[in-house]
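Welcome to this tour! Open your viewer, show the chain as a cartoon, and follow the stops below.

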Amino acid sequence: MKWKKHESYLEIFPPSEFDFKECLVFLDRSSEEVLHQIKDEDLYKLLKINGQKVLLKISSSSHSILVEFPDRVPSLSAYEEIAAYIGEWFDLHQELSHFYQMASQDPVLQPLTKKYQGLRIMGIPDLFEALTWAIIGQQINLGFAYTLKKRFVEQFGESLTFEGDTYWLYPSYEKIAQIRVEELRGLQFTRRKAEYIIGVARAMANGKLTKASLLQQKEYQPIKRSLMAIRGVGAWTADYVMMKCLQIPDAFPIADAGLHQALKLQLGLKQEPAIEEINVIAANWENWRAYATFYLWRSLYESNK
């Protein structure tokens, strides 16, 4: 991924298979989202760089992604970290030509990749956010998951108010490692989820769990085993984190309810397919099962519009 510093803004040059507007559709799927805002096809996101809050205004030109700084321009040395974050958030390092080639021969994926050309997996670069968001979403509907996340962020996260709008940072694991289970119970978290989230925070705070240590294992199964060794992390949560945070393109949350529903709709089935049937359907998706899943999720969102 190439990028260029300018005096008051940053310019990022994404791969050819990239559609900013298509990615915005996914980011705009919930009115309860608290970690970014979309206004007139501009995306606003608050980051913390070298201890300083930096508000980003992200937009698209014909050949690049433009990152402006509405509140104040950070030091030029911060540009590299900002570019790296956006590269991970939009999965800009992934070469998708092989995925599209495979999908063009697949009866399920071919119409989806044609319709949503340029969509990339919208990631969660921060490991603590990815793990805890996945835990929050376990066994509840997506709407209530967003409600819980909003309460969690507004209770424990930092914020910046600019021109009447408030922008939020996800709570840090250092902060959550210090709280009590009862504080999350007061936000309607179950006791188990509260324990899991605080447990993840403490494992990260004492250095036992890091993104770097997971990525050093390189291969899918060892990483999955390490994640599943964390209390509260099952197979679905592990695959979700590998897909959204660790950017492993073959991660496959096969038990995902949304994936099942999307396959039912795409294939015109009377009932959702069983795991054994999904494995048969996905036989050709090897190395790209995360992207196949993400495009199927996108089709499900379309059907609910």
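This is a predicted model: local features need pLDDT of at least 70, side-chain atom pairs count only at pLDDT 80 or more; totals for chains, interfaces and linings use all residues.

**Stop 1: the whole chain.** Start with everything selected: the protein chain has 15 helices and eight strands. Here helices (H or I, at least four residues) and strands (E, at least two) are DSSP runs, numbered from the N terminus. The radius of gyration is 19 Å, close to the 19 Å that the globule rule gives for 305 residues, so the protein chain is as compact as a globular protein of that length. That radius is taken over C-alpha atoms, and the globule rule is 2.2 Å times the number of residues to the power 0.38.

Residues are numbered from 1 along each chain as its sequence is written, and side-chain values use heavy atoms, with hydrogens and water left out.

Stop 2: Of the 305 residues, 51% count as buried. Buried means under 20% relative accessible area, exposed over 50%, and partly exposed in between (1.4 Å probe, protein chains only).

**Stop 3: Tyr100 and Tyr295.** Now show the aromatic side chains; the structure holds 24 aromatic pairs. Rings of Phe, Tyr and Trp (its six-membered ring) pair if their centres lie within 6.5 Å; planes under 30 degrees apart count as stacked, over 60 as edge-to-face and the rest as tilted. Select Tyr100 and Tyr295: how are their rings arranged? Their centres are 6.4 Å apart and their planes at 85 degrees, so the pair is edge-to-face. Tyr100 lies in helix 3 (residues 97-103) and Tyr295 in helix 15 (residues 289-303), so the pair ties together parts that are 195 residues apart in sequence. Both Tyr100 and Tyr295 are buried.

**Stop 4: Trp236 and Tyr240.** Next, select Trp236 and Tyr240, an aromatic pair that is stacked, with 5.3 Å centre to centre and 25 degrees between the planes. Both residues lie in helix 12 (residues 235-244), four residues apart, about one turn of the helix. Is each one buried or partly exposed? Trp236 has 23% relative accessibility, so it counts as partly exposed, while Tyr240, at 8%, counts as buried.

**Stop 5: a cluster of rings.** Finally, select Phe128, Phe152, Phe156, Tyr170, Tyr173 and Phe189 together: ring pairs link these residues into a cluster.
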